[in-house]
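Reader: I am new to protein models. Could you show me how to read one?

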Amino acid sequence: MPSPSFFSRRPPPLLLLLLSPWSVWAQAPAAAPATGTPGAPDCPEACACGPGGQANCSERALSAVPAGLGRRVRALLLGRNHVRALPPGAFAGAGALRRLDLRENGLRWVHARAFWGLGALQQLDLSANQLEALAPSTFAPLRALRSLSLANNRLAVLEPAALGALPLLRALSLQDNALSALAPSLLAGLPALNALRLRGNPWACGCSLRPLCAWLRGHPRPAPEAETLLCVSPGRPMLSPLTAFSDAAFSHCEQPLAPRDLAVIYALGPVSFLSSLAACLVLGFVWTACRARRRRCCAAVSCPRRRPLNSGVGWASPADPGSPAAAAQV
């Protein structure tokens with residue numbers, strides 16, 4: 001049996017040299033941290049990823065959204081590229097995305113289903129692009145959106161259907177576009193909105209500004225910012241601040257129909273149509289019945305059928321044997 005001193009002796013230096021690489025190799029995979037370099041499973045190949053799920057793809061001369069987006073990506077920075085269009089499902093696989101930056105891309109077209117699958121998105125920046133119109137339901141899937149920037153584009157009209165109902169949207173930037181008015185129902189679909197940037201648009205003073213002026217009165221702004229919100233009156237070179245218009249200034253405008261009036265109109269429409277249809281059916285039945293009765297009366301009294309005489313002298317019955325018509329028939 002070996003003595004205890006055998007186990008307490010120090011191993012030879014050659015044995016330590018041979019065993020040392022094995023210990024390093026065995027511990028290397030466990031000690032290596034997650035890299036997040038381009039090409040990693042949680043990072044697009046053309047991007048540089050950092051902690052917290054941020055994928056920085058800015059200024060990479062990209063012409064399309066990079067492929068390989070995974071659920072670990074929380075923030076996608078695509079600013080200052082050449083992404084001119086967003087096709088359907090452009091961000092497929094990035095369902096956990098919280099922030100999306102697409103500024104300064106020369107973006108001109110966004111498909112109505114481009115943002116499908118981004119139900120967790122909270123910040124969207126589309127500023128400094130070339131958007132002229134937005135398709136209906138473009139932002140409808142973004143139910144968690146809290147901040148949307150459309151500043152510095154070419155929007156002349158912003159339809160309420162494009163925004164849809166965004167119950168959590170708090171900040172909307174529309175500055176430096178070509179907007180002259182906002183649809184009345186646009187602001188009604190944004191109940192949580194408290195920051196609206198509007199400067200740099202050619203607002204037209206008129207009845208179409210009534211909903212916007214009412215919203216501005218309910219959300220006071222700092223004096224310097226309020227003074228930059230101006231509108232142009234038709235035929236007048238003067239500029240008027242939007243905040244100067246009270247509700248009495250729009251008293252000449254047509255009042256929208258109340259819900260009760262709309263209900264009456266919608267109820268009377270089908271009723272009047274059915275009444276007109278029933279009246280037409282009754283008149284047609286009466287007319288048909290009168291003609292049938294007249295035919296029966298004529299058949300009962302043997303009403304003769306008169307024909308015009310060839311000589312043009314008068315009328316005669318074909319049953320009269322002395323008539324010229326009867327002679328002609330013979």
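Predicted model: local features only at pLDDT ≥ 70, side-chain atom pairs only at ≥ 80, totals over all residues.

Reader: Which elements have the lowest and the highest mean pLDDT?
Author: Helix H2, residues 13-31, has the lowest mean, 42. Strand E7, residues 123-125, has the highest, 98.

Reader: What about the stretches with pLDDT below 50?
Author: Check their contacts too. Residues 1-8 are below 50, and this stretch has zero contacts in the model beyond near neighbours in sequence. Residues 325-330 are also below 50. That stretch has three such contacts.

Reader: How many helices and strands does the protein chain have?
Author: Eight helices and 15 strands.

Reader: How do I read burial across the chain?
Author: Look at relative accessible area: a residue under 20% counts as buried. By that cut-off, 31% of the 330 residues in the protein chain are buried. Then turn to the outside. The chain exposes about 20,800 Å². Carbon and sulfur atoms supply 61% of that area.

Reader: What share of the contacts joins residues 24 or more positions apart?
Author: Count the contacts with a separation of 6 or more. Of those, 46% link residues 24 or more positions apart.

Reader: Which residues touch the most other members of the largest nonpolar core?
Author: A core is a set of buried residues joined through their side chains. The largest one here has 62 residues. Leu86, Phe91, Phe115, Leu124, Phe139 and Leu212 touch the most other members.

Reader: Which elements give two or more residues to this core?
Author: Three helices do: H3 (160-163), H4 (184-188) and H5 (210-218). H5 supplies the largest share, four residues.

Reader: Which residues of H5 are buried, and what do they pack against?
Author: Arg210, Leu212, Cys213, Trp215 and Leu216 are buried. The buried residues of H5 pack against H4, strand E10 (195-197) and strand E11 (203-204).

Reader: How many bridges join E12 to E13?
Author: Three. E12 covers residues 230-232, and the two strands run antiparallel. Within that pairing, Cys231 stands opposite Ser240 of E13.

Reader: How do I spot a disulfide?
Author: Look for two cysteine sulfur atoms within 2.5 Å. This rule gives three disulfides.

Reader: What does Cys231 bond to?
Author: Cys205, with an S to S distance of 1.9 Å. The torsion about this S-S bond is about 95°, so the disulfide is right-handed. Cys205 lies in the loop between E11 and H5, while Cys231 is in E12, so the pair ties together parts 26 residues apart in sequence. Both Cys205 and Cys231 are buried.

Reader: And the other disulfides?
Author: Cys47 and Cys57 form one, with their sulfur atoms 1.7 Å apart. It is right-handed, with 100° about the S-S bond. Cys47 sits in the loop between H2 and strand E1 (48-50), and Cys57 in the loop between strand E2 (54-56) and strand E3 (75-77), so the link ties parts 10 residues apart in sequence. Cys47 and Cys57 are both buried. Another disulfide joins Cys43 to Cys49, S to S 1.9 Å. That link is right-handed too, at 95°.

Reader: Why does Cys43 count as buried?
Author: Because its relative accessibility is 3%, and the cut-off is under 20%.

Reader: How do Cys290 and Cys297 read?
Author: Both fall between the limits of 20% and 50%. Cys290 is partly exposed, at 48%. Cys297 is partly exposed, at 43%.

Definitions and conventions
Residues numbered from 1 in each chain as written. Heavy atoms only, no water. Core = buried A, V, L, I, M, F, W, Y, C linked by side-chain atoms within 4.5 Å. Buried < 20%, exposed > 50% of the residue type's maximum accessible area, 1.4 Å probe, protein only. Contact = heavy atoms within 4.5 Å. Areas by Shrake-Rupley, 256 points an atom, 1.4 Å probe, with all protein chains shown as cover. Pairing = 2+ DSSP bridges. pLDDT = per-residue confidence, 0-100.
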